[in-house]
Amino acid sequence: MATRAVEANFDGLVGPTHNYAGLSWGNVASKSNVHAVSNPKEAALQGLAKMKQLADRGYVQGVLPPHERPHLPTLRSLGFRGTDEEVLRKVAKEHPSLLAAVSSASTMWTANAATVSPSADTADHRVHFTPANLSAKFHRSIEHAVTGRALRAMFADDAFFAHHPALPSVSQFGDEGAANHTRLCNGYGDPGVELFVYGQVAFNERAPAPKLYPARQTLEASQAVARLHGLDDRNVVFAQQNPEAIDAGVFHNDVIAVGNGNTLFYHELAFLDEDRVLSDIRSRLSGAELEAVRVSRQQVPLDDAVASYLFNSQLLNTPDGMMLAVPGECRENRTVSRYLDELVGSGGPITSVEVFDVKQSMRNGGGPACLRLRVVLNEEELGAMHRGVLMTDALYQRLITWVEAHYRDRLSQEDLGDPMLLEEVRKALDELSGILGLGSIYDFQL
């Protein structure tokens, strides 16, 4: 029986070391802005403004904290010795690329934080969380331990929530979290269809795979997460991402498709076997008909979809249909902007478009959908979670004051070796964990 539930969005708060190091091979936007000077303060304020706009419209909106960066424990695990200042000086001089990697603020993109299955889908009727190992990229592979601590602090009641460790951090089980996972359903509290999208089959060298850029998610990882979460095979669909799309810069499925409720908004090049994927979803979706909103390459060429991040948008319920929350770049691209006007006037499930300014994030390759982790919660689960991370007017003002006090408005690659930056970050995060009421989640606090 269905229960009343909401889909809460937990956005990643941009960290104080937000910078443009171009670390993500296969992410065209990330590479195109490499070594540009960033503005961490502006980035954090843009992210908070987006959260506040959605909270003001009645959506349940939460905050996920940034991680400690530069991450000295990682450098020490790689053999660097001495005081923090000595380690930073040595790495900055001899291994600047390594320093950039351990300084990345990539935890802002919380669509990669974890895969989440709601209690309506799981065998034990608890909400299940599995932090993504993000093994395809070194700078992201160091995230899952703190991500897991934060999620456990936020969703601590074992009666309602189940937490799993990340999958083995090897290429065969490469897991990118919710960026390659979406859920389709009649109502949020109804049993749904969980769509896992993968880029390659790790243990089958003959299976289709991209030729230019690496596939970051494997079928084997997706299957493992589904097993850990106790999902019934009848409510799961595994779909391969089109290798052509990956080679065009679609490094995650959420750059080419987004779903909400019974609606799947996708580009025709999103899936390798489009007809089978749609048929499998339709055969498993109960209580509603699938609304498949297909965008052809004639309507929006793949390059325009990647450049504008049209599909890396949030699809949200409103009283009058669904709203597509898009980055400003979608209105700057004539082809995409024209398509959006046609979409709203088509009489389909998407009835409005709203623009959000997340330019600092976009320059590093992440749009509105990258910035949020979706967690479906029924009334009891919402009451059982730690509510100190949910956006309110008071929390918004405290976080604005916090950012203004602790963030720089200019950060270059050379600044990453500044010992004062590390001191600033630790002071800021120590204060933030108190503001959010999360306790000691960072290595320097333990």
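**Entry 1: the ends of α17.** I began at the N-terminal end of α17, which is capped by Asp 418. In this predicted model, a side-chain oxygen of Asp 418 sits 2.9 Å from the backbone nitrogen of Met 420. At the other end I checked the residue just after α17, Gly 437, and found a positive phi of about 70°.

**Entry 2: the length of α17.** I took residues 419–436 as the helix, 18 residues in total. From first C-alpha to last, α17 reaches 26 Å, close to the 26 Å expected at 1.5 Å a residue.

**Entry 3: the sides of α17.** Which residues of α17 are buried? I listed Leu 421, Leu 422, Val 425, Ala 428, Leu 429, Leu 432, Ser 433, Ile 435 and Leu 436. These residues lie on the same side of α17, because they cover an arc of only 150° around the axis. An α-helix has 3.6 residues a turn, so residues three or four places apart point the same way. On the face turned away from the buried side I noted the exposed residues Glu 423, Lys 427 and Gly 434. What do the buried residues of α17 pack against? I found α3, α4 (84–94) and α16 (393–406) as their partners.

**Entry 4: α2 for reference.** I looked next at α2, residues 40–56, with 17 residues. Its reach from first C-alpha to last is 24 Å, close to the 24 Å expected at 1.5 Å a residue. I recorded α2 as mostly covered, with twelve of its 17 residues buried. The buried set includes the lysines Lys 41, Lys 50 and Lys 52, and also Leu 48, Met 51 and Leu 54. Just after α2, I found Gly 58 with a positive phi of about 100°.

Entry 5: Leu 134 has a phi of about 50° and lies in the loop between β4 (127–131) and α6 (138–141). Tyr 309 has a phi near 55° and is placed in the loop between α11 (302–308) and β12 (314–318). Are these residues buried or exposed? Leu 134 is buried, with a relative accessible area of 2%. Tyr 309 also counts as buried, at 3% relative accessibility.

**Entry 6: Arg 140.** I placed Arg 140 in helix α6. With a relative accessible area of 6%, Arg 140 counts as buried, because the cut-off for buried is under 20%. Which backbone oxygens does its side chain reach? I read 2.9 Å to the backbone oxygen of Ser 106 and 3.5 Å to that of Trp 109.

**Entry 7: Thr 107.** Thr 107 is buried, with a relative accessible area of 10%. Not counting residues up to four places away in sequence, I found that Thr 107 touches Gly 12, Pro 66, His 67, Arg 69, Arg 140 and Glu 143.

**Entry 8: the cis peptide bond.** Arg 69, which Thr 107 touches, is joined to Pro 70 by a cis peptide bond. I noted omega at about -5°. Pro 70 lies in the loop between β2 (61–64) and α3 (72–77).

**Entry 9: the whole chain.** The protein has 17 helices and 15 strands. Its radius of gyration is 21 Å, close to the 22 Å that the globule rule gives for 446 residues, so the protein is as compact as a globular protein of that length. Along the principal axes, I have the C-alpha trace spanning about 60 × 45 × 45 Å. Of the 446 residues, 61% count as buried. Among contacts between residues at least 6 apart in sequence, 77% join residues at least 24 apart. For the accessible surface I noted about 17,100 Å², of which 48% belongs to carbon and sulfur atoms.

Key. Residues are numbered from 1 along each chain as its sequence is written. This is a predicted model: local features need pLDDT of at least 70, side-chain atom pairs count only at pLDDT 80 or more; totals for chains, interfaces and linings use all residues. Side-chain values use heavy atoms; hydrogens and water are left out. Helices (H or I, at least four residues) and strands (E, at least two) are DSSP runs, numbered from the N terminus. Buried means under 20% relative accessible area, exposed over 50%, partly exposed in between (1.4 Å probe, protein chains only). The expected span of a helix is 1.5 Å times one less than its number of residues. The arc is that of the directions from the helix axis to the C-beta atoms. Contact means heavy atoms within 4.5 Å. A polar contact is a pair of N or O atoms within 3.5 Å; within protein, one must be able to donate a hydrogen and the other to accept it, and residues adjacent in sequence count only if both atoms are side-chain atoms. The radius of gyration is taken over C-alpha atoms; the globule rule is 2.2 Å times the number of residues to the power 0.38. Accessible areas come from the Shrake-Rupley method with a 1.4 Å probe; for residues, only the protein chains shown count as cover.
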